[in-house]
Amino acid sequence: MTNTASIAKGLEGVLFTESKLTFINGTEGILTHLGIPIQEWAENSTFEELSLALLNGQLPTAAELAQFDADLKANRAIPEALVEIIKGMPRGVHPMQALRTAVSYLGLLDPQAEDTSAEARRAIATRMIAQFSTIIAAINRAQEGQDIIAPRMDLTHAGNYLYMLSGKEPTAEQARLFDIALVLHVDHGMNASTFTAIATGSTLSDMYSCITSAIGALKGPLHGGANEAVMDMLDEVGTPDKAEGYITKKLDNKEKIMGVGHRVYKYFDPRSRVLRDYAEVVASKEGKSNYYQILETIEKVVVDRIGSKGIYPNVDFYSGTVYSDLGIKKEYFTPIFALARISGWCASLIEYTGNNRLLRPDAVYTGATDAHYVQLQDRQ
């Protein structure tokens, strides 16, 4: 006899630890880091500052932030051996496969990799936060047969990524927009990839193994690939005048709408509200207002039809449009997610392993209980 009532499918509602980093109230559409609303972080802060705040568990001083910024810049370059590995990757590989392999190889090159002390984890976290953007930009360039561009030390983290991607210095507005997009994705509580990183970390494995595990979890389309799917949907719709009919048919057939709905949020994802405003402005400037108009129509129909069921647009609904307008190809949307989330992964790892307990869940057994071994020659 089994007790299936004790099963929490997908671990939904299961509490396994405490955290001071991120709070989510899905019913009211609230997301805070260190108690500060995500809207305030997006309006006032930067990727660098939020990353440091999460690593420290508090807002940094000006001097602390300046030192962290200097440390990030000093660690942007990646080892030449890794550059050669990236150049030698087969053409057409999934960018997340390439990122996973690159980060794993990076661990082979780090003499501090096996040190699991708090000090070492913090130093490794800083290096990985700095190098993720360089790795992802290098993968993108190499896959397109282009020369890899070395990082610059005079640009912001966001601005430097856009520069390494195209070889052109972005405008201040473009750099700031990308910075805001990164801020919105830095951390989101105990999502699948963060939990995976922590599960690996709970064994006291090295940071590179933990982050490689997280990348593998993020690669899955149920976690990291939704914003790419939204762009596919926009291309399928084609023009704004077809949006209402398209989405109405989808809803009538009870088909999934990409970028709509969330396991946690039963109201608007607060990150989507921030990106919506920027998406409108940028789409207009880049001559891609069609995309925004399609999204606007889809959102209106979705809210009218199923909003009462707690199904609303999430952050992926508008993020793909923003990335596209910045010249980022859709197959790199998920790596960009990782570029931002590396800070949250590292911060959560450091927080959890500071008071570590090996994660060892159980399952309700539903198999046979009175079986006996049958010799091979006697089996039918």
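This is a predicted model: local features need pLDDT of at least 70, side-chain atom pairs count only at pLDDT 80 or more; totals for chains, interfaces and linings use all residues.

Which element gives the largest share of the lining of the second largest pocket? That share, three residues, comes from helix α7.

- The space in the second largest pocket amounts to about 240 Å³.
- Its lining consists of 15 residues, and those nearest the centre of the pocket are L162, L165, S166, L326 and G327.
- Two elements, α6 and α7, each give two or more residues to this lining.
- Sorted by class, the lining of the second largest pocket holds six charged, five polar and four nonpolar residues.

**Helix α7**

- Helix α7 spans residues 157–166 and is largely enclosed by the rest of the structure, because nine of its 10 residues are buried.
- The buried residues of α7 are H157, A158, G159, N160, Y161, L162, Y163, M164 and L165.
- These buried residues pack against four helices: α2 (47–56), α6 (118–143), α8 (172–185) and α16 (333–353).
- After α7 comes G167, which has a positive phi, near 85°.

**Salt bridges**

- In the whole structure, 15 salt bridges are found.
- One of them joins the side chains of K250 and E255, with an N to O distance of 3.1 Å. K250 is buried, at a relative accessible area of 18%, whereas E255 is partly exposed, at 37%.
- Another salt bridge joins the side chains of D252 and R305, at 2.9 Å from N to O. Because D252 belongs to helix α12 (residues 243–252) and R305 to helix α14 (residues 289–306), this pair ties together parts that are 53 residues apart in sequence.
- R305 is partly exposed, and its relative accessible area is 37%.
- A further salt bridge is formed by K300 and D304, whose closest N and O atoms are 3.2 Å apart. Both residues lie in helix α14, four residues apart, which is about one turn of the helix.
- An α-helix has 3.6 residues a turn, so residues three or four places apart point the same way.
- K300 and D304 are both exposed.
- Salt bridges also link R273, R276, D277 and E299 in a network.

- How many disulfides does the structure contain? The count comes to zero.
- A disulfide is a covalent bond between the sulfur atoms of two cysteines. The cut-off applied here is a pair of cysteine sulfur atoms within 2.5 Å.
- For C210, the closest cysteine sulfur is that of C346, at 9.1 Å, and therefore too far for a bond.
- For C346, in turn, the closest cysteine sulfur is that of C210, also at 9.1 Å and too far for a bond.
- C210 is buried, with a relative accessible area of 0%, and C346 is buried with a relative accessible area of 0%.

- Helix α7 has nine of its 10 residues buried, and α7 gives three residues to the lining of the second largest pocket.

Notes:
Residues are numbered from 1 along each chain as its sequence is written. Side-chain values use heavy atoms; hydrogens and water are left out. Buried means under 20% relative accessible area, exposed over 50%, partly exposed in between (1.4 Å probe, protein chains only). Contact means heavy atoms within 4.5 Å. A salt bridge is a side-chain nitrogen of Lys or Arg within 4 Å of a carboxyl oxygen of Asp or Glu. On a 1 Å grid over the protein atoms alone, a cavity is a set of points where a 1.4 Å probe fits but cannot get out, and a pocket is an open set with protein on both sides within 12 Å along at least five of seven lines; lining residues have an atom within 4 Å of a point. Grid points are joined across faces, edges and corners, and a volume is the space filled by probe spheres set on the points. Ala, Val, Leu, Ile, Met, Phe, Trp, Tyr, Cys and Pro count as nonpolar, Asp, Glu, Lys and Arg as charged, and the others, Gly among them, as polar.
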